[in-house]
2 protein chains.
Amino acid sequence: MATIADVARKAGVSVSTVSYALSGTRPISDETRQRIQVAMRELGYHPNAMARSLASRRSNVIALIYPEVATVGNTGGEFVQAAAQRARESGYQLVLWPFRDSEGKEMRNLARQGMADGVLVMEVCLDDDRIDILEAAKIPYAMIGRTRDVSARPSVDIDFEATVIGAIDHLAGLGHRHIAFINHSQERIDAGYGPAVRAAAAFDEQMAKRGLTALSRACEDSPVVGRKVTADLLTSDPRVTAFVTMNELATFGVYAELQARRLAIPDDVSVLGIVTSPGVGTLSYPVLSTMHSPGGELGRLAVDCLLSQLDPARQPIPNQLIACVLEPGMSIGPARTIANVDLGRS
Amino acid sequence: MATIADVARKAGVSVSTVSYALSGTRPISDETRQRIQVAMRELGYHPNAMARSLASRRSNVIALIYPEVATVGNTGGEFVQAAAQRARESGYQLVLWPFRDSEGKEMRNLARQGMADGVLVMEVCLDDDRIDILEAAKIPYAMIGRTRDVSARPSVDIDFEATVIGAIDHLAGLGHRHIAFINHSQERIDAGYGPAVRAAAAFDEQMAKRGLTALSRACEDSPVVGRKVTADLLTSDPRVTAFVTMNELATFGVYAELQARRLAIPDDVSVLGIVTSPGVGTLSYPVLSTMHSPGGELGRLAVDCLLSQLDPARQPIPNQLIACVLEPGMSIGPARTIANVDLGRS
DNA sequence: CTGTTAGCGCGTTCAG
DNA sequence: CTGAACGCGCTAACAG
């Protein structure tokens, strides 16, 4: 491996000149620059990342706290892909730190080893130790999601309120007045899982504001439970003509129960999946209309948000929210005016 | 940030003693070790990763070439998660290098900067430039998947032959003699996409060996095309009583077409999805029986395979193949003896 | 068992 | 516009 000294010797200049030519931190005459570049090419020179980091005290690496998420759908993958891509474009690399929520201390200790200049924290909860630990240690970070008090904390997140408003307006515009909402499990809501809490709050609030009837239910992430909850909803209020679901697996149960009851989608009942992964809508028949998470956009933004703190020259990025994207399917239609309970067909 | 020199001073020993206490490369008296540990604790010392890497010439980082895979299902996520986890257990970190297949040179150049000690290459094709480039540059690597000639190349992969044999034996044992196989697209087969090529070859060979009738079809990754191909298969050979699919999205089309024809699953036709992601079976009704990819296992193995080359003391890991895991659902039953074409029901 | 010290490859003052 | 030289924090001989 050729070093900077080899290049300097070959080009007949000093090492510092080569260094400056590399970083552009100082004006270099064109001729000198040429000679240096030729020398670099001929020697197959590649600057050593470790030496550079040691001397400059910046690793040019950002860490992604990568939670163990068992999910269908690939939003997480999109996020990671986009984040890695954006990091590379910005001259950084992305390392994966597979820490669980409870391993905040381990995370901080790793960060103190100087391997990463900053940290991206996924799946942040309303009350999240990790963020406190990072702040106490003065480690630059950006969170995906939000803690309860987000005022001065760098974050990017899905705009649940806008997403829910989009969903409700869409359905209400088609005459739906009794709309069910199927959330994640009560357990996750109680654990302060941001999406579950925020979306539910927004749903109830927006429905009330419009004088519509909201039927919200927590539901475990599974088709079987989704089906049970759907049955329960239809029984307890037969006027329901639309389902908004924020639970990919449960949505398959919604379809199953509707089909079992011979309720046609979308003629009798409309279904809209929100905060899903792109593509999952096409797995259902008729194709589920969805509002999918902007995983890629979030990934890029999260990186930008973090880098804006590492490099004071960059524009600081304000806390940013992105709404989910409507992916029209075939599962939404105008509301029926007759209660579905009367419509059993065989 | 405290340095090793601070620790040495505080403990009243030399820096090398601290260094050796840290690495355990040299015997240290218990008493000295105690003093050092106390000093480290009091100073909140954390060794600097960059300095360590520079001096030792090993970064303790491995890179994962992370392809842009647009897929439903989370096998990729499981792989990455498991790999990152295993790397951490082994004292390594995993960095993501989002390079496309065509960016072999860029990948090599990054590797030459010494940021990573070795490289994991996902989604390897039968003819893959990247592997040639890595070998030419003498960069340690392990591939997930296999090139055409795999003899001496470190790799881990799905055991497509064993998976296919498992699938066929299962179905043949239930009396199925005319079995359809739905593959990925012709385009991917032509591109030398390993899974598509290997599984198809294994399927035809094993079916022939058993005197069974194989109906293999390439199929784009989409429910719509999957449905068309299914219709075509049922029309061209009504004796088909079972589908083996290696195409998650197309499988939803298989279900749709069977339901449209009022063919009951599994009474009239059995369906088995192979090389799927865990959980996708539950998205279908009746629950699809699957043989899912061992993503986690592959991730761990890939890391072990690479690390065994970096550390000569480790046992070398032979090229290893892992079969997919049967996840029983409700979509497989005994074969009918009457051609399905005669069974239209309404 | 412990200490001394020369690098690892590069960034960045400071002097010219 | 260019060079010389020190230091980043640690590892690993070499010397005891």
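## Basis of the model

This is a predicted model, in which local features need pLDDT of at least 70, side-chain atom pairs count only at pLDDT 80 or more, and totals for chains, interfaces and linings use all residues. Residues are numbered from 1 along each chain as its sequence is written, chains are lettered from A and ligands numbered from 1 in the order in which they are written, and side-chain values use heavy atoms, leaving out hydrogens and water.

## Cis peptide bonds

A:Ile265 and A:Pro266 are joined by a cis peptide bond, with omega about 5°. A:Pro266 sits in the loop between helix H12 (248-260) and strand S9 (270-276) of chain A. Helices (H or I, at least four residues) and strands (E, at least two) are DSSP runs, numbered from the N terminus.

A cis bond also runs from A:Tyr285 to A:Pro286, with omega near 0°. A:Pro286 belongs to the loop between S9 and strand S10 (289-292) of chain A.

## Positive phi outside glycine

A:Lys138 is not a glycine, yet its phi is positive, near 55°. The residue lies in the loop between helix H7 (129-136) and strand S4 (141-144) of chain A. A:Lys138 is exposed, at 73% relative accessible area. Exposed means over 50%, buried under 20%, and partly exposed in between (1.4 Å probe, protein chains only).

In chain B, B:Glu123 has a positive phi of about 55° and is not a glycine either. Its loop runs between strand S3 (118-121) and helix H7 (129-136) of chain B. B:Glu123 is partly exposed, at 28% relative accessibility.
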